[in-house]
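Subject: Structure for your review: aromatic contacts

Dear colleague,

Please find below the structure I am handing over to you. My notes on its aromatic side chains follow it.

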Amino acid sequence: MASTCNLIVNGHSIKANIGETLVDAALGGWTVIPHDCCSGQCETCRVTVVAGSVDDQGTEDGRTVLACTATIEGDAEIEFDAVPRIAKRNGTITGISTLAPDVVEVVVTLTEPFDYRAGQYFNVKFSGFPGRDLSPSVHADGTCDSHELVFHIRRYPGGLISTQIGTTIGLGHRVHVRGPFGQAFLREGNGPIVLVSGGTGWAPIWSLAAAARRIQRHRDLIVIAGARDPVSLYMRRSLEWLTDDGVRDVIATTQIGATQPLIPGLPTHYLPSLGLEDTVYVAGPPGLVDAVKTKARLGRARCYADPFLPGAQKSSILDRVRQMLRAPAAEPAIARSAGAGYQPVLMDDSERREAVSLAPQVSSRPREAMPQDQRVPDRR
């Protein structure tokens with residue numbers, strides 16, 4: 001039996017070994033398939049199988065597979081969308097403003113602009129703290145300077161990073177950024193675009209909406225944004241901007257306390273009938289994302305998802321030493337523990353209830369560096 005085969009990647013022919021992952025096989029032929037986590041969680045490496053023998057290893061979605069996990073069984077051809085190359089940039093925090101009692105906007109000004117597509121994400125490391133994956137957005141009026149990255153960050157009690165924003169992490173703080181990553185970016189097309197967000201999943205969705213109004217105005221736009229309560233619906237100015245710009249279908253939902261113009265329930269309650277002509281983008285808690293993906297699949301609509309998941313990432317030794325030096329004397333010992341390298345998940349009772357109701361399945365990438373600042377279903 002032959003041990004090698006021919007793999008065609010975006011038209012480029014590569015000699016590959018049977019059993020290799022698509023990512024490794026492509027790298028062996030000096031071709032880079034965009035990837036990040038290499039564990040089947042981030043979806044950055046999703047490719048389309050045009051022809052041939054590929055073992056999807058449980059990652060198949062239509063004609064697509066995850067290249068970091070799927071392996072070669074014989075001659076095959078795959079394709080993926082061209083995206084900007086991964087790069088590193090340095091910058092400083094030049095803006096911090098409150099969007100809601102528990103959501104803050106952080107503006108990072110870079111020494112050199114990034115090339116990225118609306119909807120992609122970056123790994124962001126505030127100097128002295130662990131890195132975390134954040135989706136850049138735009139300002140409430142739809143603008144953003146090419147040297148800026150605008151992030152929406154939710155504050156959590158005891159959060160390793162979020163509690164430090166405005167104090168230890170203040171104006172002038174150094175930031176290191178790597179990316180872009182992700183496949184939930186704006187694509188060309190002619191049919192309607194359906195944008196769905198939960199909580200601070202609004203960050204990438206707002207970036208997509210603003211980009212669509214800027215460069216794809218010929219397409220109908222349907223925008224559905226949800227939050228736990230009216231206070232958490234921090235994106236109202238942006239929704240008003242869309243309405244003023246001529247978008248007819250703009251829907252804002254809250255699970256509790258909804259009064260006009262807000263409507264009660266979850267974003268999934270107000271999804272339109274989906275069909276082949278629709279392109280759906282969804283960002284937020286995994287339960288919401290899974291529900292939207294299921295409805296899109298039933299309608300055979302294209303769907304690009306950006307789930308925000310609980311996750312953990314080890315700090316470097318230097319980071320942990322800095323964090324221990326900064327920690328106040330009264331801080332619980334577990335929050336300062338460097339031995340395990342992980343932090344406990346902190347959720348109140350209402351958060352647990354919503355997490356159970358919205359997140360029956362968890363099947364995507366970690367979106368936060370430390371669980372205390374993680375993205376969980378009720379925090380969208």
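A residue is called buried here when its relative accessible area is under 20%, and partly exposed when the value lies between that and 50%. Please bear in mind that this is a predicted model.

By the first of these cut-offs, Trp206 is buried, because its relative accessible area is 0%. Its partner is Trp241, and the two rings form an edge-to-face pair, with 5.4 Å from centre to centre and 80° between the planes. Trp206 belongs to helix 2 (residues 202-215) and Trp241 to helix 3 (residues 236-244), so this pair ties together parts that are 35 residues apart in sequence. Trp241, with a relative accessible area of 25%, is partly exposed.

In total, the structure contains six aromatic pairs. Another of them is formed by Tyr116 and Phe122, again edge-to-face, at 5.2 Å centre to centre and with 80° between the planes. Here Phe122 counts as buried because its relative accessibility is 0%, whereas Tyr116, at 25%, counts as partly exposed. Ring pairs also bring in Phe114, so that Phe114, Tyr116 and Phe122 are linked into a cluster.

Yours sincerely,

Notes: Residues numbered from 1 in each chain as written. Predicted model: local features only at pLDDT ≥ 70, side-chain atom pairs only at ≥ 80, totals over all residues. Heavy atoms only, no water. Phe/Tyr/Trp six-rings, centres within 6.5 Å; stacked < 30°, edge-to-face > 60°. Buried < 20%, exposed > 50% of the residue type's maximum accessible area, 1.4 Å probe, protein only. Helix = DSSP H or I, 4+ residues; strand = E, 2+ residues; numbered from the N terminus.
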